[in-house]
Amino acid sequence: MRLGTGIGWRPEIADAVAGMAGIDWVEVVAENLCPGHLPEPLVRLRERGVTVIPHGVSLGLGGAERPDDGRLRALAERAEALGAPLVTEHIAFVRAGGPLTASAPLEAGHLLPVPRTRDALDVLCENVAIAQEALPVPLALENIAALFSWPDEEMSEGEFLAELVERTGVRLLIDVANLHTNHVNRGEDPAEALDRLPLEALAYVHVAGGFERDGVWHDSHAHPVPPAVLNILTDLASRVTPPGVLLERDENFPEAAELERELAAIGEAVRKGGGAARVPADEAPPVPPDASAEARQRVAVAQTAVLSALVARTPLPEGFDRGRMGVQARSLAAKRADVVAKVAPELPVILGAGYREAFLDYARTRPMRGGYRQDALEFAAQLLKTGRPADARARRRLREWWLDRAGPAPRTPGPAARLARRVLSGRR
């Protein structure tokens with residue numbers, strides 16, 4: 001399937017994307033869509049014949065638990081609502097704990113790398129097979145960027161992905177920016193990874209920017225695409241003709257002209273590669289064996305120990321780089337603060353300049369156990385419980401905000417409700 005030139009669709013750049021010539025397709029974060037209420041700009045793009053692909057971020061197919069039925073149904077609904085030719089997700093885990101470890105569930109709020117071990121591969125293959133059965137269109141999986149490595153890994157990334165494709169027939173979404181990230185952070189050679197990747201299974205390619213700080217590359221999706229990433233794209237394009245190439249940008253959105261220049265540079269990098277004939281993927285993969293209960297439990301214990309160290313300050317398992325894990329922990333907390341500010345934009349307004357410091361202080365002792373909206377409610381409740389913020393007016397506003405959202409339904413504006421609000425707010 002030929003996709004062509006694409007861009008990650010975000011509401012902030014909807015008008016810019018609508019006016020761009022040469023955009024063949026867009027990708028949208030699946031969890032940000034409501035199938036019955038698609039954004040009007042996205043609907044207009046579809047009416048023009050622009051392909052829209054949902055890109056999931058919360059399935060956690062690399063986690064120890066089997067994929068959640070509700071999340072799979074939601075992804076399937078979005079694929080059908082968009083008329084998408086495929087859906088994409090990540091080779092990552094995003095939560096741990098729970099029944100397999102008899103411990104409280106934990107949420108990372110971000111994509112974390114799976115260990116490249118036989119146990120983890122068996123679990124991933126079975127989870128992928130479950131997802132493929134539930135989805136109405138083909139599934140493609142993305143390699144992720146990582147700040148840390150697991151000790152005692154048994155395979156390289158290329159070997160791990162090659163066996164995943166062989167056993168499941170899943171397609172690949174190769175992110176060349178993530179290959180660059182893993183080169184800087186983990187010492188992995190992008191060319192060697194491309195040598196081993198099953199490029200015949202390529203669905204499309206991601207390209208994005210980032211920045212380096214203190215020897216660590218941060219895959220920000222908020223900076224221009226650097227030459228090193230374009231060079232990896234050229235190397236990939238010299239080996240296979242990419243069916244589609246997409247520019248990702250999630251923050252610090254530039255003017256449309258700059259986005260178009262980046263798209264032109266991406267197109268030039270592909271042309272420079274020359275392109276090679278793409279070998280069709282195997283249409284009838286063997287059915288992967290089930291992962292044993294023992295393998296799932298071993299993966300669960302390992303992932304829970306790592307995630308707990310990152311978000312709950314429990315002891316770090318042996319063999320991990322303490323410095324890199326510290327960077328990852330701070331990155332997770334910072335992302336938590338940023339996303340909560342987006343899903344609950346009233347909180348930074350109420351708390352003002354003190355929002356970020358207050359949230360990071362809360363996050364040090366309160367791991368995320370639900371989604372970001374629940375996290376926002378729990379943050380507000382914790383502040384109120386401890387008598388914060390100090391300013392009485394801000395505290396009343398925060399209490400009002402929390403009361404409006406903590407119940408099963410919004411409060412009614414009747415006389416009794418208004419009186420209760422005044423009493424709870426300390427007003428007469």
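Colleague: In strand β7, which residues point the other way from Leu 139 and Leu 141?

Modeller: This is a predicted model. In a regular strand the side chains alternate between the two faces of the sheet. Strand β7 covers residues 139-142, and its residues are all buried. Leu 139 and Leu 141 point one way, and the other way point Ala 140 and Glu 142.

Colleague: What is the bridge partner of Leu 141 in β8?

Modeller: Strand β8 spans residues 171-175. Three bridges join β7 to β8, and the two run parallel. The partner of Leu 141 there is Leu 172.

Colleague: Which helix makes a β-α-β unit with β7 and β8?

Modeller: The two strands are parallel. The unit they make with the helix is right-handed. The helix covers residues 157-168 and is α5.

Colleague: Is Pro 54 buried or exposed, and why?

Modeller: Pro 54 lies in strand β3, residues 51-55. Its contacts beyond four places in sequence include Val 28, Ala 30, Leu 82 and Thr 88. Buried means under 20% relative accessible area. Pro 54 has 0% relative accessibility, so the residue counts as buried.

Colleague: How far apart in space are Pro 54 and Val 225?

Modeller: In sequence, 171 residues separate Pro 54 and Val 225. The distance in space is taken from C-alpha to C-alpha. For Pro 54 and Val 225 that gives 23 Å.

Notes. Residues numbered from 1 in each chain as written. Predicted model: local features only at pLDDT ≥ 70, side-chain atom pairs only at ≥ 80, totals over all residues. Heavy atoms only, no water. Buried < 20%, exposed > 50% of the residue type's maximum accessible area, 1.4 Å probe, protein only. Helix = DSSP H or I, 4+ residues; strand = E, 2+ residues; numbered from the N terminus. Pairing = 2+ DSSP bridges. Right-handed = clockwise from strand over helix to strand, strands pointing away. Contact = heavy atoms within 4.5 Å.
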